Each structure stands twice: as structure tokens, then as C-alpha cells.
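Please open the model in a viewer and keep the sequence at hand.

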Amino acid sequence: MLFGYVLPFLVVFTILVFVHELGHYLVAKKFGVTIETFSIGFGPEIFGWTDKSGTRWKFSIVPFGGYVKYLGDADASSRPDNLEMEKLTDEQKSKTMHAKTPCQRIWIAAAGPIANYILAIFTFFFLFATVGQRYVPAKISDFAQG
């Protein structure tokens with residue numbers, strides 16, 4: 001059961017979550033948002049590393065989801081942390097998601113689902129190109145009168 005259902009589910013789900021969160025991450029980076037954390041999973045960190053831009057990439061203990069935490073966020077739901085925002089300089093504030101235009105925030109929020117659609121398109125293209133689509137060819141065996 002573990003190796004037949006649970007493990008394959010977690011592998012596929014982790015890939016989906018990673019691609020989804022990577023969509024948010026890449027578009028936010030393009031718009032100049034500072035990203036503090038890129039997490040696969042929730043809860044305590046199992047392992048991770050910090051890249052040269054200061055983003056903490058981590059795998060957490062509860063594998064059902066993930067998040068990208070931007071500078072100035074109170075938590076993984078991207079609510080603004082007013083106390084932290086007051087401590088930031090004007091330059092740092094300009095690099096928060098909350099300082100971006102509504103159109104930019106919409107693109108950042110939409111980038112995750114769009115990334116999943118792109119993954120699905122490439123996955124099905126690859127499968128149909130390599131494996132093909134299984135079907136049963138039509139076979140005419142008799143004609144009905146009238």
C-alpha cells in the first residue's frame with residue numbers, strides 16, 4: 001500500500017506543488033519582489049538551503065502543499081505584516097508584493113495555476129508523442145436492415 005499508492009501520490013503531488021509555487025516565484029522575481037521562503041510542505045523544516053539572493057528553499061514535514069513567502073508577509077497566506085512593514089526602508093517596501101500594482105499582483109497570483117496548466121500540456125504532449133493514445137479500432141461486423 002505504501003509503495004503502491006502513497007509514495008507515488010506524494011511524488012506526483014510534490015512535483016505539482018513545486019511547479020505551482022515555481023510559477024509564483026518566477027513571476028514575483030521578474031517584478032522585483034523579494035522572496036524570503038520557498039517551501040514544499042508545511043510545518044517544521046526537514047532540510048533546506050539559502051540561495052545567494054537570500055531565499056530559503058526548504059522541504060517541510062507535512063507534504064500536502066507549499067508556499068512562497070514574500071518580504072513583508074505575515075504568513076504563508078501573504079497577509080501583510082504591518083509591524084514588519086513599518087521597520088522596512090522605502091527601498092525594501094518597494095520590493096514587497098504589497099507595493100506592486102494590482103495588475104502585477106494578479107499576475108503573481110495567477111502564475112501558479114498557469115504553471116500547472118503548462119505542465120499538464122507538456123505532460124500530455126510527451127505522453128501522446130511517446131506512448132500514444134490507446135483506443136479500440138472500430139470493427140463493422142454486420143449491417144441492420146432498414
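Predicted model: local features only at pLDDT ≥ 70, side-chain atom pairs only at ≥ 80, totals over all residues.

A residue is called buried when its relative accessible area is under 20% and exposed when that value is over 50%, with partly exposed in between.

**First stop: S60.** Select S60, which is located in strand β2, residues 56-70. S60 counts as buried because its relative accessibility is 5%, and the cut-off for buried is under 20%. Show side chains next: that of S60 makes a polar contact with the side chain of S39, at 3.2 Å. Apart from neighbours within four places in sequence, the contacts of S60 include I40, G41, F42 and G43.

**Second stop: the salt bridges.** The count of salt bridges in the model is 3. Select K69 and E36, whose side chains form one of them at 2.6 Å, N to O. This pair connects distant parts of the chain, with K69 in strand β2 and E36 in strand β1, 33 residues apart. K69 is buried at 16% relative accessible area, whereas E36 is partly exposed at 24%.

Move on to E45 and R56, where the side chains meet in a salt bridge of 2.4 Å, N to O. Here too distant parts of the chain are linked: E45 belongs to strand β1 and R56 to strand β2, 11 residues apart. E45 is partly exposed, with a relative accessible area of 34%, and R56 is partly exposed at 26%.

Then select E91 and K95, joined by a salt bridge of 3.8 Å, N to O. E91 is exposed at 55% relative accessible area, while K95 is partly exposed at 33%.

Select residues 2-30, which make up helix α1. This helix has 29 residues and reaches 40 Å from its first C-alpha to its last, close to the expected 42 Å. Which residues of α1 are buried? They are V17, V19, E21, G23, H24, Y25 and A28. The buried residues of the helix pack against β1 (35-50), β2 and α4. Just after α1, G32 has a positive phi of about 85 degrees.

Return to I15, also in α1, which is partly exposed at 45% relative accessible area. I15 is part of a nonpolar surface patch with M1, L2, F3, Y5, V6, L7 and V11, and together they have about 900 Å² of accessible area.

**Last stop: G132.** Select G132 in the segment after α4 (102-130); this glycine is partly exposed, at 28% relative accessible area. Draw a C-alpha to C-alpha distance from G132 to K58: the two are 37 Å apart in space and 74 residues apart in sequence.

Methods:
Residues numbered from 1 in each chain as written. Heavy atoms only, no water. Patch = residues over 30% accessible without salt bridge, like charges linked within 9 Å, V, L, I, M, F, W, Y side chains within 5 Å. Areas by Shrake-Rupley, 256 points an atom, 1.4 Å probe, with all protein chains shown as cover. Salt bridge = Lys/Arg side-chain N within 4 Å of Asp/Glu carboxyl O. Helix = DSSP H or I, 4+ residues; strand = E, 2+ residues; numbered from the N terminus. Buried < 20%, exposed > 50% of the residue type's maximum accessible area, 1.4 Å probe, protein only. Polar contact = N/O pair within 3.5 Å; in protein donor to acceptor, adjacent residues only side chain to side chain. Contact = heavy atoms within 4.5 Å. Expected span 1.5 Å × (residues − 1).
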